[in-house]
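Open the model in your viewer and keep the sequence panel beside it. This tour says what to select at each stop and what is there.

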Amino acid sequence: VQLVESGGGLVQTGGSLRPFCAASTDTFMSYDMGWFRHAPGKEREFVSANTWNGNTYYADPVKGRFTISRDNAKNLVYLQMNRLKPEDTAVYYCAASTKLSVSSTDYDYWGQGTQVTVSS
């Protein structure tokens, strides 16, 4: 499975971005998809996950601001990020797993990441 993220960028505090992840696989619906982020000086952390049938999960810092969704027909996963804060600044990674998990070690496939920078 190859994953390619796009849609990151620079935005001011309070703004929005919608990065997405394109998956190259014929069995996209076999995977639960997650988003993780890695900020300088911090460990990589779970952001959100979406099961193959649409159940969604969020880390506490992003609940109510971020929305994950997927288009199984197009092999795409989106992360709508609203009311962005400077502390959301990080490289955001898309990942695929055969089981739903908040642990990065349970994800088998990773994209290269997309930079999100929120200016104050």
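Select Leu3 and then Ala23: in β3, Ala23 is the bridge partner of Leu3. The strands here are DSSP runs of E with at least two residues, numbered from the N terminus, while helices are runs of H or I with at least four residues. Two strands count as paired if DSSP finds at least two bridges between them. Strands β1 and β3 are joined by 5 bridges and run antiparallel.

Before moving on, note what kind of model this is: it is predicted, local features need pLDDT of at least 70, side-chain atom pairs count only at pLDDT 80 or more, and totals for chains, interfaces and linings use all residues. Residues are numbered from 1 along each chain as its sequence is written, and side-chain values use heavy atoms, with hydrogens and water left out.

**Stop 1: the sheet around β3**

Select residues 20–24, which form β3, together with residues 76–81, which form β8. These two strands pair in the antiparallel sense over 3 bridges. Which residue stands opposite Tyr78 of β8? It is Phe20.

Return to β3 and show its side chains. Cys21 and Ala23 make up the covered face, whereas Phe20, Ala22 and Ser24 make up the uncovered one.

**Stop 2: the disulfide**

A disulfide joins Cys21 to Cys94, with an S to S distance of 2.2 Å; the cut-off for a disulfide is a pair of cysteine sulfur atoms within 2.5 Å. A disulfide is a covalent bond between the sulfur atoms of two cysteines. How many disulfides does a search of the whole structure find? The search finds 1.

What parts does the pair tie together? Cys21 lies in strand β3 and Cys94 in strand β9 (residues 90–97), so the link ties together parts that are 73 residues apart in sequence. The link of Cys21 and Cys94 is left-handed, with -70° about the S-S bond.

Are these cysteines buried or exposed? Buried means under 20% relative accessible area, exposed means over 50%, and partly exposed is in between (1.4 Å probe, protein chains only). Cys21 counts as buried because its relative accessibility is 0%, and Cys94 counts as buried because its value is 0%.

**Stop 3: Asn50**

Select Asn50, which lies in strand β5 (residues 45–50). Asn50 has 2% relative accessibility, so it counts as buried. Show the residues around Asn50: leaving aside neighbours within four places in sequence, Asn50 is in contact (heavy atoms within 4.5 Å) with Asp32, Met33, Asn55, Thr56, Ile68, Ser69 and Arg70.

**Stop 4: three loop residues**

Select Ala59, in the loop between β6 (56–58) and β7. Ala59 is buried because its relative accessible area is 14%. Apart from neighbours within four places in sequence, Ala59 is in contact with Phe46 and Val47. The C-alpha atoms of Ala59 and Ala49 are 9.1 Å apart, and the two residues are 10 residues apart along the chain.

Next select Asn75, in the loop between β7 and β8. Phi of Asn75 is near 60°, a positive value in a residue other than glycine. Asn75 is buried, with a relative accessible area of 15%.

Then select Arg83, in the loop between β8 and β9. Arg83 is not a glycine, yet it has a positive phi of about 45°.

**Last stop: the whole protein**

The protein has 0 helices and 11 strands. Along its principal axes the C-alpha trace spans about 40 × 25 × 25 Å. Of the 120 residues, 43% count as buried. Among contacts in the protein with a separation of 6 or more, 57% are between residues 24 or more positions apart.
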